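Welcome to this tour! Open your viewer, get your selection tool ready, and follow the stops below.

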Amino acid sequence: MLETVVVPLLKIAVLLNAVLVAVTFLVLMERKVIAWAQSRLGPMRVGPYGILQAIADPIKLILKEDITPAKADKYVFTLAPIMSLVPALVVFAVVPFGPDPLYYVSDINVGLLFIISVTSIGVYGIILGGWASNSKYPLLASLRASAQLISYEIAVTMTLVSVILTTGTLSLVGIVEAQREGGLWFAFVQPVALMLVFIGGLAETNRAPFDLPEAETELTGGFHTEYSGMRFSLFFLAEYANMIVISAIVVIMFFGGWLAPFPNVPALAFLGFLPPWVWFIGKIFLFLYVFIWIRATLPRYRYDQLMGLGWKVLIPIAIGNLVVTGILKVAF
Amino acid sequence: MADETKSQSQESGQGGADTPPDASARPAADPKKPAAAAAKPAAAAKPRPKPKPKAPPEPPKAPEDQAPPEGAELPATVTAVQDGVSGAVQQVSFWVGDWTIIVSAERLLDVMRFLKADAATLFDYCSDVTAADWPPREKRFDVVYCLYSTRLRHRLRVKVRVDEKDPVESVTALWPAADWLEREVYDQFGINIVNHPDLRRILMPEQWQGYPQRKDYPLEGPGELLMESPQDWLRVRNIADEAGAVADADAEIEIE
Amino acid sequence: MTLEAPRTSTTQFDTDELVINMGPQHPSTHGVLRVVLKLDGERVIDADCVIGYIHRGIEKLSENRDWTQIILLTDRMDYVAAATNNLGYCQTVEKLMQIEVPRRARYLRTVLAELQRIASHCLWLGTHAMDIGAMTVLLYAFREREFVLDLFEEFCGARLTYNAMRIGGLPLDIPPGWDKKVLSFCELMEGKLNDYEMLLTNNRIWLKRTRDVGVIGAEEAIGLGLCGPPLRGSGVPRDLRKDEPYAAYDEMEFNVPLGTRGDTYDRYLIRMDEFRESIRIIRQAVEGLPEGPIMGKVPRLIKPPAGETYHAIESPKGELGYFIVSDGKSTNPYRFRVRPPSFCNLQGLKRLVTGHLVADVVALIGTIDIVLGEVDR
């Protein structure tokens, strides 16, 4: 009873809170990093160096008036943000923060498949939200979102398959263990796959330069144009939670999860003084920083160019990578 | 006209004597419904503390006189158009370095077509289309076309004198650039431009009545009265109310 | 003809066009422009601009203000290049009255106009890049624009609406040390330009978004009345500073950058080059600044003789023309007309966007560089 119900529930409670708090601070981090990139200071008023802004923002969003447009489809309009957020949080059930069972809620043997399928549900939130708003800009945005997410999903999944070929397991813990045993992060074994997953991940989380469904300067905010208050903040939470998920996948698949850098080099063994979950979270934030950095640097793709990139470049490369991996696997 | 007194009065009362034909001539000249006529002088006089010294309306300004070229030789563009479209050029004028030809409205399109195509003129760029309003004149509007040639690098102004109802052929077919410019001329002056592909108001709202750039368009409407002195505005309303013609008075004040 | 054409397949759908209103409240219409777009999917098949949301009747207003007061009104048209508007108006009146402007004043006017061109282009660059999604450039460009505004503040006390010129010259001479500051700003700006170009010029996404977008040929551009960088982007060597020199431009050495393809990227490159040419002109003007008076002989009461004239200058947006009629009797112009470059360039938007995607519409609004205060007046 204690082992099967109470402990997992406790873990879930801690994890959910941790993720939501992380998201609020991620928003602050994004604002700060972009501000520094743009020779500004960013939020400075709430608390020392604006740290408490991370708390002020959610409070503001919760207290704001929650408006449902008169012509909107009320039920779907409410359902959409929930559908967007829940999958983003559910995914964390299989993300291992460390080697032993204390650090993850569950280690199912189809962990990767679980992540891929659950994150795909998230796009329904965006599509339904845009549709239910009964407004033209959100409609255009939801059309963009459905096309974009489906095409990039193919590329990303295809690429992940080549990693699975190397490890022979779908369990996330297993994948990290494989890197420990091999003594080499998969980033060096599968560099092409790393690039594909990262680019595809940018597109799947609607981040710059692929932030077309919410392109502010074109579609005035895209699918969440008509949303306000708490429902808007659910979309917001979902987007940032998805960013964390993608970073976590990249770290687990290619950067050794909770492992310290170069576990096989004895000279670097002292790096093990940090607990594994610190390494894991540190690496995740490193990638989140890259996400933000890219947003501050690059212009936005156009819709047709984005689709062209997905179908004409990423998917062929993904297939090629898969074939080459297969051949090498059989040959050696 | 005594310029000195006029300029003095302008310095004292900032907007009072700005447009004599408009401010003073209008209420006397326009036939009006009795209620509106009663409201109008009150509205016009109230915001100014002292009544204007000049009781009789100032005689409207004479149409501006183009200084003729003093024996200077005409530029090639002008002679070309005089030869090419004979009889269309009514007058040639020159002032501070700019040449202007004045053509009849009926021949406008011929002249323009010639100016665009002829090798000596080759005006391929329509810089500007605008107008000026000279109310007492019989043909009260000047429609002015500023042309430029990007290849020969010279300018010429073409001017047409028309009345309110006279049709002016659109030059959009020659220069697509004239599209919006002609729309603006129509919008601001109410000049009857014909054969324009898409003649709508451009700067003013579509349901606007009246043409703001005409000299007899009032400078003050109910909006200004309301802002400057709400009491006056209310009084005007009351007078109009008593006459039982609120809507009419409003329309009159606004439109003119 | 009553029979419908037989459908080729049963899965054929009836499709409808989608009409969307871009603006007047939209983040990338640069003010209160409203573009009514007719879309087929995301492709624009027709566009119509609705303007006039901030029409303040500046022309009518000016006909009822005296000649000096109007300078202040011209500030309010193209408010990101107010000094250029002042310059155009003052020169037109000087032309009407045949006033000789002293050489020092002409040089200083050139400096102010070119500083203004840099400020205006900074704003264009920032917003254009922002529309396409590169938001950091906006902040960088605004940072440098602040330096120009500081220079103007030191010169005339205002940061946006300068009222910086007078008929016949300038109201004030430059404060001591101002010319040094201008020169050091030139140096700084050159370095910053390289920063901007590093972020954009060879950026693959930027190239994809701007190359071959909104292509317009020379003939068509002339016909549509485009002016300024959009016209030069199509390869038409038309720059009023060269063609009809005013102020001190006839004594300056500078090039007129021209495009070859007439697309958005060419217009971008042209404006980037114009930054450099402006810096070059400012250097020449400040270094060769002659001594002397700054006001010409102007009668106490400005009352030009009866007559009319059209005078145009090269504003950062294009040909800024003033058509002014004086009746010779009153102390205000009888007819005051502005030929706003943004207005004429905006006219070309319909031609530019047709056939492109929604995302290109914002890029194209950015590339023609409009200021709605000037379009609507």
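Before we start, one term: two residues are in contact if their C-beta atoms, placed from the backbone, lie within 7 Å. Keep in mind, too, that this is a predicted model.

**Stop 1: chains A and C.** Select these two chains and look at where they touch. Chain A brings 22 residues to the contact, and chain C brings 25 residues. Now color four helices of chain A: H5 (136-167), H9 (216-219), H11 (276-297) and H12 (303-331). Each of them supplies at least two residues of the side of chain A that touches chain C. What classes of residue make up that side of chain A? There are 9 nonpolar, 6 polar and 7 charged residues.

**Stop 2: two helices inside chain A.** Stay with chain A and select H5(A) and H12(A). Their axes are 9 Å apart, and the helices pack at an angle of about 15 degrees. Angles under 35 degrees count as roughly parallel, so H5(A) and H12(A) are roughly parallel to each other. The crossing of these two helices is left-handed. By class, the contact of H5(A) with H12(A) has 16 nonpolar, 9 polar and 2 charged residues.

**Stop 3: chains B and C.** Next, show chain B together with chain C. This contact takes 37 residues from chain B and 39 residues from chain C. On chain B, pick out helix H1 (3-12), strand E3 (125-133), strand E4 (141-148) and helix H7 (178-189), which each supply at least two residues of the side that touches chain C. Which element gives the largest share of that side? It is E3(B), with 6 residues. Color this side of chain B by class and you will find 18 nonpolar, 8 polar and 11 charged residues.

Methods
Residues are numbered from 1 along each chain as its sequence is written. Chains are lettered from A and ligands numbered from 1 in the order in which they are written. This is a predicted model: local features need pLDDT of at least 70, side-chain atom pairs count only at pLDDT 80 or more; totals for chains, interfaces and linings use all residues. Ala, Val, Leu, Ile, Met, Phe, Trp, Tyr, Cys and Pro count as nonpolar, Asp, Glu, Lys and Arg as charged, and the others, Gly among them, as polar. Axes are lines fitted to C-alpha atoms, for helices over the stretch in contact, and angles run from 0 to 180 degrees between N-to-C directions. Angles under 35 degrees count as roughly parallel, over 145 as roughly antiparallel, 65 to 115 as roughly perpendicular and the rest as oblique. A crossing is left-handed if the near helix is turned anticlockwise from the far one by less than a right angle, and right-handed if clockwise.
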